[in-house]
Amino acid sequence: MKLNDAAVTYARGLLRRGEFTDDDRDDWSEHAPSTDQENDFIEKNGITEYAKWHLGEDTDMGEDTKGRYHFPYGDFQQLHRCAVISGESRAGQYKHEAIEKALKELLNAIDRKAADDE
């Protein structure tokens, strides 16, 4: 599992533009896109756009498969704090240090931006 640098850049852009949700840790189960929503997104936008929404990339899987992309951080519209928290915990559990670090940096940036916006 490697860090998807294009996804990190895309997530930072969303944050800069204010396209994020300062939601709670446990909200991801409700906010995460369903399988049907994921498939619709891929059908309309392609796998490359889908990949931008995932910080982890399993290089053992084919580039044109959903199974290659892990650690989603949003719902194809906004960066979600709850997704970042969920992903950071999982990345730490499975010892994906680069992904965990990127998620921790995103979480800190979200929290700073949310505080500034208050």
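Visitor: Which residue's side chain is joined to that of Glu57 by a polar contact of 2.8 Å?
Guide: The model is a predicted one. In it, Glu57 sits in strand E3, which covers residues 54-57. Leaving out residues up to four places away in sequence, Glu57 touches Met1, Lys2, Asn4, Arg68 and Tyr69. The polar contact of 2.8 Å runs from the side chain of Glu57 to that of Arg68.

Visitor: Is Glu57 buried or exposed?
Guide: The relative accessible area of Glu57 is 11%. Buried means under 20%. Glu57 is therefore buried.

Visitor: Which residues does Thr59 contact, leaving aside neighbours within four places in sequence?
Guide: Thr59 is placed in the loop between E3 and E4. Its relative accessible area is 45%, so Thr59 counts as partly exposed. With those neighbours left aside, the residues in contact with Thr59 are Lys2 and Arg68.

Visitor: How many Å apart in space are Thr59 and Glu49, C-alpha to C-alpha?
Guide: Thr59 belongs to the loop between E3 and E4. In sequence, Thr59 and Glu49 are ten residues apart. From C-alpha to C-alpha, the separation in space is 17 Å.

Visitor: What separates the C-alpha atoms of Pro33 and Gly74 in Å?
Guide: Pro33 is in the loop between helix H2 (28-31) and helix H3 (35-45). Not counting residues up to four places away in sequence, Pro33 touches Trp28, Glu38, Gly74, Asp75 and Phe76. Pro33 and Gly74 are 41 residues apart along the chain, and their C-alpha atoms are separated by 8.3 Å.

Visitor: Is Pro33 buried or exposed?
Guide: Pro33 has a relative accessibility of 15%. The cut-off for buried is under 20%, so Pro33 counts as buried.

Visitor: What is the phi of Phe76, about how many degrees?
Guide: Phe76 lies in the loop between strand E4 (69-72) and strand E5 (79-80). With a relative accessible area of 14%, Phe76 is buried. Phe76 is not a glycine, yet its phi is positive, at about 75 degrees.

Visitor: Is Lys95 buried or exposed?
Guide: Lys95 is found in the loop between helix H5 (81-93) and helix H6 (97-117). Lys95 has a positive phi of about 60 degrees, although it is not a glycine. Exposed means over 50% relative accessible area. Lys95 has 59%, so the residue is exposed.

Visitor: Are H5 and H6 roughly parallel or roughly antiparallel to each other?
Guide: The axes of H5 and H6 come within 8 Å and cross at roughly 150 degrees. Angles over 145 degrees count as roughly antiparallel. H5 and H6 are therefore roughly antiparallel.

Visitor: How many charged residues are in the contact of H5 with H6?
Guide: H5 passes H6 in a left-handed crossing. On the H5 side the contact is made by Arg81, Val84, Ile85, Gly87, Glu88, Ala91 and Gly92, and on the H6 side the residues include Ile99, Glu100 and Leu103. By class, the contact has eight nonpolar residues, two polar and, as for charged ones, five.

Visitor: Is H1 roughly parallel or roughly antiparallel to H6?
Guide: The axes of helix H1 (residues 5-16) and H6 come within 11 Å and cross at roughly 5 degrees. Angles under 35 degrees count as roughly parallel. H1 is therefore, relative to H6, roughly parallel.

Key: Residues are numbered from 1 along each chain as its sequence is written. This is a predicted model: local features need pLDDT of at least 70, side-chain atom pairs count only at pLDDT 80 or more; totals for chains, interfaces and linings use all residues. Side-chain values use heavy atoms; hydrogens and water are left out. Helices (H or I, at least four residues) and strands (E, at least two) are DSSP runs, numbered from the N terminus. Buried means under 20% relative accessible area, exposed over 50%, partly exposed in between (1.4 Å probe, protein chains only). A polar contact is a pair of N or O atoms within 3.5 Å; within protein, one must be able to donate a hydrogen and the other to accept it, and residues adjacent in sequence count only if both atoms are side-chain atoms. Contact means heavy atoms within 4.5 Å. Axes are lines fitted to C-alpha atoms, for helices over the stretch in contact, and angles run from 0 to 180 degrees between N-to-C directions. Angles under 35 degrees count as roughly parallel, over 145 as roughly antiparallel, 65 to 115 as roughly perpendicular and the rest as oblique. A crossing is left-handed if the near helix is turned anticlockwise from the far one by less than a right angle, and right-handed if clockwise. Ala, Val, Leu, Ile, Met, Phe, Trp, Tyr, Cys and Pro count as nonpolar, Asp, Glu, Lys and Arg as charged, and the others, Gly among them, as polar.
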